[in-house]
Amino acid sequence: LLSGGETVGSSNMEDDVSLKFRQQLLLIDENLVAEDVAALKFLCTDLLPFKKLESVKSAVDIFQLLMAEDYLNEEDTFLLVELLYRIKYHSLLRKLGYTKEKVQECLHEKGRVSPYRQMLYELSENITNEMLKDIVLLLQNCLPKRRMTLSALELLILLEKQGLLSQNNVQMLEEVCMKVSPDLLETINCYTRAKVCNIPSFNVLWSDYKHTGEKVLELIWDYVGTFILFIVTAYAYSERIIWRGKKILCCFPLSLKENIVVSSSVRFALSAEMTSYKMDGPHRGFCLVINNVNFDRSLQKRKGSCKDAGELKRVFTWLGLDVKTYTDLTSQEIKDLMRTWQHLQDHKDSDCFICCILSHGESGAIYGKDEELVSIRMIMSHFTAKQCPQLAEKPKLFFIQACQGKEIQRPVYVEADAQIPDLSSMQQSISPSESIPEEADFLLGMATIDGYVSFRHVQQGTWYIQALCSKLQLLVPRGEDILSILTEVNEDVGRRVDRLGTKKQMPQPAYTLRRKFIFPIPRDPPPS
């Protein structure tokens, strides 16, 4: 018995597991949805008996099975840490005393999820619903006649059960991916090349590897971002190449620069030409403005926020977007609204998507009118390429005006967008980089750095939103890109102080943009 009558299998947590450890597992379980549990089950397929995995209903069930097999205990939590890392739930790593960077350092030595299982999971993440329908159609003669609607993970498990897919046999998978989407083949090819080179696991740095008589200075495999990098003196081991002087860089899909590891002995710079997102489509895009002013219980009214909402509407309308404003939404209404816009077919003709949220907040989350928190990561995840294919490869910008931590009592003239705490909060600190989905083409602009309050003038609006609107009007006509504009916003807000000269604020952007985002210069002058 774990909590509130919740049971795991037919046995309780072992008596020697401390209360603190048990609470950690419960907190992690509470943050995982059904899709996350399915991902954990899949990643554990090579470690746990399949019959037992089939009966799993929650993350706690998986934790219990891992403990029974001695994969997880109070002294050794790394397998659970690795699983959370693999499903990209980095914010939960802190509950077990890890950071994303620390996990990456330990994976080569402690990692238990096989490269084969990693490859299949990564592949499933890239399979859209349309691709899945095509794959099922191609494999209809191999699948049971009576079958329910399958997820990508369920399909892969079914193929394994039927002996059509295994660690040493991915030929059918390759053939299907080639027909449905050749881009999917990159993930499989990375795995098969690793097997040919007999590299025992991913995240391996292998120097002085010989290929066709040419010395490879560095050979780097990193499955986190699904890429392979060779730097050679004359010969390329890839069909996709970019010439850089006398050296050749073999290209790969890349979303985060931090995944590249090049030893200091290799003086080599990635200097790929920076291009801009296309902004010449039939429709610039939609801009949502969620303006929460009034709250149901203890949170104060956000006076001055309507000034912000009005400025955002004027500026983004001037920039060519179709602005939709929503006022005083509950947490559930915010979630429902995201799902509605996620499935909007009109996105296919849009250049971009922008969402602005004005509310009270805590670390990594914003408050609904009902004073329930909504995760920023969850909000943004509705618009990933898999969840919203109409916006794939298009820039998606989110601007959040809310505190990201606790506050002390402020003067009435300048208020803070945070709840006044009357007891210590158990909320974990979550940085913007952990809130942003780990795939390309996202930007998250936060009004303040994690753990701190942001300020709002009760008549003139918030420092951040007013600076953002002002700099957009000033710098878009000069052809500046969005990151340059946000740097100017930081400079503006960073110079501001409250009337007593004691309170300051610093915004913080996080992004996975692959190109420069530049608004086309409007024909009309900026709104006054």
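What follows is a working chat about a predicted model of a protein.

Q: To get oriented, how many helices and strands does the protein have?
A: The predicted model has 17 helices and 17 strands, and of the 528 residues in the protein, 52% are buried.

Q: And what share of the contacts comes from residues 24 or more positions apart?
A: Taking the contacts with a separation of 6 or more, 69% of them join residues 24 or more positions apart.

Q: Let's go to helix 1, then: how far apart are its end C-alpha atoms, and what span should the helix have?
A: Helix 1 covers residues 19–31, and because each of its 13 residues is taken at 1.5 Å, the span should be 18 Å, which agrees with the 19 Å between its end C-alpha atoms.

Q: Which of its residues are buried, and what covers them?
A: The buried residues of helix 1 are Phe21, Gln24, Leu25, Leu26, Ile28 and Asp29, and the cover over them includes helix 4, residues 59–68, and helix 5, residues 78–86.

Q: Moving on to helix 7, how many of its residues are buried?
A: Ten of the twelve residues in helix 7 are buried, so that the helix is mostly covered; among them are Pro115, Tyr116, Arg117, Gln118 and Glu122.

Q: What about its length?
A: From its first C-alpha to its last, helix 7 reaches 17 Å, which is close to the 16 Å expected for twelve residues at 1.5 Å a residue.

Q: Next is helix 8: which residues are buried there, and where do they sit around the axis?
A: In helix 8, residues 129–138, the buried residues are Met131, Leu132, Ile135 and Val136. Viewed down the helix axis they fall within an arc of 135°, and they therefore line one face of helix 8.

Q: What is on the face turned away from that buried side, and what do the buried residues pack against?
A: The face of helix 8 turned away from its buried side carries Lys133 and Leu137, which are exposed, whereas the buried residues of helix 8 pack against helix 7 (115–126), helix 9 (152–161) and helix 10 (171–180).

Q: Last one, Val103: where is it found, and what is it in contact with beyond its neighbours in sequence?
A: Val103 is found in helix 6, residues 100–110, and is buried, with a relative accessible area of 0%. Leaving aside neighbours within four places in sequence, Val103 is in contact with Phe78, Val81, Tyr85, Leu93 and Tyr98.

Q: How far is Val103 from Glu82, in sequence and in space?
A: Val103 and Glu82 are 21 residues apart in sequence, and their C-alpha atoms are 7.1 Å apart in space.

Key. Residues are numbered from 1 along each chain as its sequence is written. This is a predicted model: local features need pLDDT of at least 70, side-chain atom pairs count only at pLDDT 80 or more; totals for chains, interfaces and linings use all residues. Side-chain values use heavy atoms; hydrogens and water are left out. Helices (H or I, at least four residues) and strands (E, at least two) are DSSP runs, numbered from the N terminus. The expected span of a helix is 1.5 Å times one less than its number of residues. Buried means under 20% relative accessible area, exposed over 50%, partly exposed in between (1.4 Å probe, protein chains only). Contact means heavy atoms within 4.5 Å. The arc is that of the directions from the helix axis to the C-beta atoms.
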